[in-house]
Amino acid sequence: MMRNYKAPTPADVEHALLQIPTYQLRRVFFEGLENPLWVEPLQRAGAFSNPPEPETTEDGYIRDTFWPEVTYLQKVAEEAPVEVVNVLLSLSSSRNAWLRRAVFEIGARLPVAEAVRLVPMLKEWAKDDNFGWRTDPRSLVTFATILLEGGARKQGQWLANVLFAPRSAENERRGALFELKDYWYEIELPRIVSALGEKALPMLVGWLVRYIELSPFFSVDDFSAVERNSIERVSEGEHFDPKHALIDAVRDAALARVASDPVGTTRSLLAGRRQLLYKIALYVVAEGLRRASDAGIVNSALGEVSVTLLSAPDSYDENLRAEYAQLARSAHAMGVHFEDELDSFIAAGFAEDIRWLTERLAREDRSEEEFGREVNRHAERNKHRWLAAIGADALSEDLKTELELLNVSFGIVDDPLDPPHKVTSWTGPNAFSSQERMAEMSAEELVSYLSALRITGDGWGPEPSHEGQGRELSALLTTKPLAVSGVDDVVAVLRPTYLRAILQGWSAAYKADLVLDWDQVLQVLAAVLGDSAQPEFEAEGRNHDDDPDLRYAKKAAIDLIENLLQTGSVGRVPERIVSSVAELLLSDPGNAEAWEEYEAYDHGANWDPLNAALNWSWPKRVRALLILAIREDSNPWQDRALEKVEVELDRNDKHGAAWSVIGEFLGRLMTTCASWIDERWDRIVGSDSGSTVAQQVVVTTAITMHRYNRPMYERMEDALIGALRAGESLKSGWRTTDDARARIGEWVIEAFVYGHIDEDDRLFVEFFEASPAELRGKSLSNIAWSFSRSKSVGAEIRDRFESLWDRRILHVQHAPDDRAELVGFFWLAKSVYHPVSWWLPRLLQALELEPSIATERYMIGKEIARAALEDPERSFQVTKRLLEQSPSGMVEHDLGRNAVPTVIARALDSGNSRLEADARDFMNKLGADGYHTLESEVHAVLDGRITINDVDD
């Protein structure tokens with residue numbers, strides 16, 4: 001209801017306009033004016049005649065100047081709808097983005113009789129590329145729903161088409177474009193579908209057909225069903241986008257109608273004449289039948305439609321198989337008779353497969369008979385998948401018999417209803433039999449079965465392989481390690497692939513604390529490592545289908561030995577087995593061969609020493625020897641193991657893998673083999689005067705694999721100085737994303753904050769005075785990150801860390817070129833252990849010295865918003881600094897949802913008049929730059945509707 005307003009006289013209007021000659025005064029006037037009776041007089045006076053047009057800046061961006069007058073029109077539109085629409089229509093040629101936005105927002109709130117008057121203006125705007133520029137997508141869709149639900153169906157459908165129908169891109173290879181962004185398309189499509197009512201399905205079908213036709217891969221041969229693996233849901237690995245939103249909408253709209261109008265619904269879907277829509281029709285009718293069955297309803301019309309769909313020969317396509325099979329199963333469950341149609345369908349599909357394969361398969365040098373057999377085999381495989389998917393219950397007796405014969409020839413199809421292009425995590429090659437089936441066999445039967453397996457496939461499709469079967473075998477032994485127990489000399493009868501699988505399965509079972517057949521384990525280890533009684537097997541299949549020799553089985557054997565010799569094995573592994581395994585390792589079976597293989601391989605730049613140590617048999621043997629040497633129980637093998645290690649270290653290990661293993665175990669060697677390591681210390685780690693590549697590998701691996709600890713730091717200090725002095729040529733034993741020197745810096749910083757060293761420490765001085773600033777910054781950043789994730793940080797440690805940062809900030813103030821030291825300061829804001837009163841002023845300092853910190857602003861939005869409760873002025877200053885580099889239109893996202901309005905609101909509520917004025921100016925600037933909802937969000941913070949809990953982490 002309109003309040004008791006008084007209409008202005010022409011003199012009132014003229015006087016008012018004379019008082020507002022500047023932009024700022026106009027904004028104050030129109031934002032404060034609430035009387036709707038001023039609209040028409042102001043229009044007659046020309047107040048609404050000149051919205052500013054967009055300007056192109058020198059750097060090529062478009063600047064849209066805010067038009068204050070539009071604020072008043074939005075405010076009074078519901079009380080003076082006719083007058084406001086008259087004003088808007090008079091401005092139809094304007095390209096001002098704020099005006100256009102207002103038209104949509106106003107239209108979404110008007111009675112339909114007035115909203116419909118704006119449609120001709122919208123049609124003009126739809127001819128350019130800035131139709132909904134700067135406009136909330138929800139307002140665009142609400143405008144359309146107002147028209148549709150208010151009886152202006154034609155105009156509403158036009159606007160729905162503009163917003164949701166795919167359109168072509170200038171570059172045809174880009175496929176379809178949409179007016180709405182992907183997220184809003186998905187969110188808003190259900191609203192428009194509801195408003196479209198009965199017209200929804202045909203319009204949705206039209207949009208989906210248009211999408212298919214705009215695809216850069218669309219051709220006369222329609223394979224559009226491949227656009228979606230399963231109509232029921234988006235599969236893992238498929239990115240949800242407008243295409244999938246459309247498919248879901250078509251599916252759901254059809255499901256809502258199919259029970260009451262199966263013929264009309266199916267006709268609407270098939271009218272699109274696209275394979276994807278046929279796939280949807282198969283699913284919809286199948287689901288309709290299932291729902292009817294669950295409700296105890298017999299829908300004969302739906303049954304008749306199902307027979308029609310099941311009879312269509314074009315359905316014999318792998319992209320339709322899952323939906324077709326589901327329909328066949330549902331129809332059979334409802335008692336629909338279609339056996340004759342199905343027999344004809346399968347026969348026609350098989351014949352088409354034969355024709356297609358005959359035309360496309362390469363004949364090479366095969367005879368007609370050989371070629372015909374291959375074609376027939378491929379076609380039979382496809383038929384097998386079809387019959388398995390449909391299921392024996394729905395097949396005629398003849399097809400049931402055929403399915404049984406195909407199961408014998410090709411094995412039972414696992415998951416026959418899985419879509420053909422299902423995206424899953426990679427699981428590797430296929431097995432002949434599942435672990436469940438193998439678990440049903442006795443040990444003798446299983447070994448006999450495995451020894452008889454041969455790859456007989458033709459390379460077409462997912463053939464079973466020894467590798468696939470080996471993975472199933474390994475999985476079986478992981479939970480049932482006695483599955484082959486009691487069978488003597490399996491090494492003599494099983495392929496290397498299966499021996500590797502057995503050893504890997506035993507390793508996993510041992511880690512799971514399961515009991516092994518120790519005598520069999522020892523027998524297999526000795527036979528594999530010693531090559532005893534292993535017949536030669538010719539590798540079968542393609543690359544990686546079958547191990548060509550025992551190389552990988554030997555690596556698995558060493559892995560198992562490592563596990564059995566770990567200190568934690570005491571009491572778990574019988575002492576006689578430990579003794580036998582230790583003697584086996586010390587006897588060196590196959591070591592020379594392992595060394596030759598490792599030494600000859602060109603590891604290239606992609607392999608770091610530790611990576612090589614984990615993947616090659618020779619360094620893994622060195623690793624096993626070290627594990628044997630550092631056993632802490634009574635250890636009669638320590639001296640012999642260390643002698644063996646020394647022999648291996650005397651080799652010319654150009655790849656450095658053995659030296660990385662020394663680094664990995666350096667801490668344990670210092671405690672359990674102290675005299676041995678003391679005698680060889682300089683040879684192993686080097687000194688401050690220099691180091692070899694091998695010594696650098698030891699040092700860098702040690703500090704990467706070990707957490708900081710004082711004994712290692714003090715013992716390694718000279719070696720670490722030498723490593724730092726190697727500069728960029730320092731060889732990293734374990735190549736992580738960081739320079740190895742940064743890890744040295746982390747040890748230095750931790751030693752300092754724990755109070756183990758002071759600033760005059762030699763290594764501290766070397767790192768902070770001679771290392772590049774970027775390196776120092778990385779180390780400081782990493783430690784700050786680790787503190788932010790720590791469960792507890794003592795006050796003394798915190799204070800020393802803060803004092804270190806204070807010194808580094810002071811250093812950068814005097815040496816600005818070293819500002820890269822400060823790049824990780826933002827992590828201190830993330831830590832709960834540093835008070836706002838400490839980190840906030842220093843963050844402001846750091847931003848002034850190193851502006852690139854602002855690139856991480858999205859990480860600390862909530863922390864700054866929370867800090868604004870305590871220190872609104874500095875929080876506001878920090879926010880302004882952080883947003884100086886924000887791209888246009890991204891401000892509301894850069895610090896996280898609700899962070900910016902919270903900071904501004906706290907500044908406005910601070911009681912500091914200067915700060916309040918600055919905050920209001922900044923709010924207006926951000927609004928003019930594109931953050932349209934900022935002012936309303938600030939008010940929501942001030943009145944408590946948005947709290948700190950609503951700020952994104």
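**Aromatic pairs and overall build**

In this predicted model, one aromatic cluster brings together F29, F30, W38, F48, W67 and Y72. Searching the whole structure turns up 36 aromatic pairs. Take F164 and Y185: their rings sit 5.2 Å apart, centre to centre, with 65 degrees between the planes, an edge-to-face pair. F164 belongs to helix α10 (residues 153–164) and Y185 to helix α11 (residues 182–196), so this pair ties together parts that are 21 residues apart in sequence. Both residues, F164 and Y185, are buried.

F164 has another partner in W207. Here the ring centres are 5.9 Å apart and the planes are at 20 degrees, so the pair counts as stacked. With F164 in helix α10 and W207 in helix α12 (residues 200–214), the pair therefore ties together parts that are 43 residues apart in sequence. F164 counts as buried because its relative accessibility is 0%, and W207 is buried too, at 3%.

Zooming out, the protein has 49 helices and four strands. Its radius of gyration is 38 Å, well over the 30 Å that the globule rule gives for 953 residues, so the protein is more spread out than a compact globule. Along the principal axes, the C-alpha atoms fill a box of roughly 110 × 90 × 50 Å. Even so, 51% of the 953 residues are buried. Of the contacts between residues at least 6 apart in sequence, 73% join residues at least 24 apart.

The protein carries 105 positive and 156 negative charges, and the mean positions of the two sets are 4 Å apart.

Terms used. Residues are numbered from 1 along each chain as its sequence is written. This is a predicted model: local features need pLDDT of at least 70, side-chain atom pairs count only at pLDDT 80 or more; totals for chains, interfaces and linings use all residues. Side-chain values use heavy atoms; hydrogens and water are left out. Helices (H or I, at least four residues) and strands (E, at least two) are DSSP runs, numbered from the N terminus. The radius of gyration is taken over C-alpha atoms; the globule rule is 2.2 Å times the number of residues to the power 0.38. Buried means under 20% relative accessible area, exposed over 50%, partly exposed in between (1.4 Å probe, protein chains only). Contact means heavy atoms within 4.5 Å. Lys and Arg count as positive and Asp and Glu as negative; His and the chain ends are not counted. The place of a charge is taken as NZ of Lys, CZ of Arg, CG of Asp or CD of Glu. Rings of Phe, Tyr and Trp (its six-membered ring) pair if their centres lie within 6.5 Å; planes under 30 degrees apart count as stacked, over 60 as edge-to-face and the rest as tilted.
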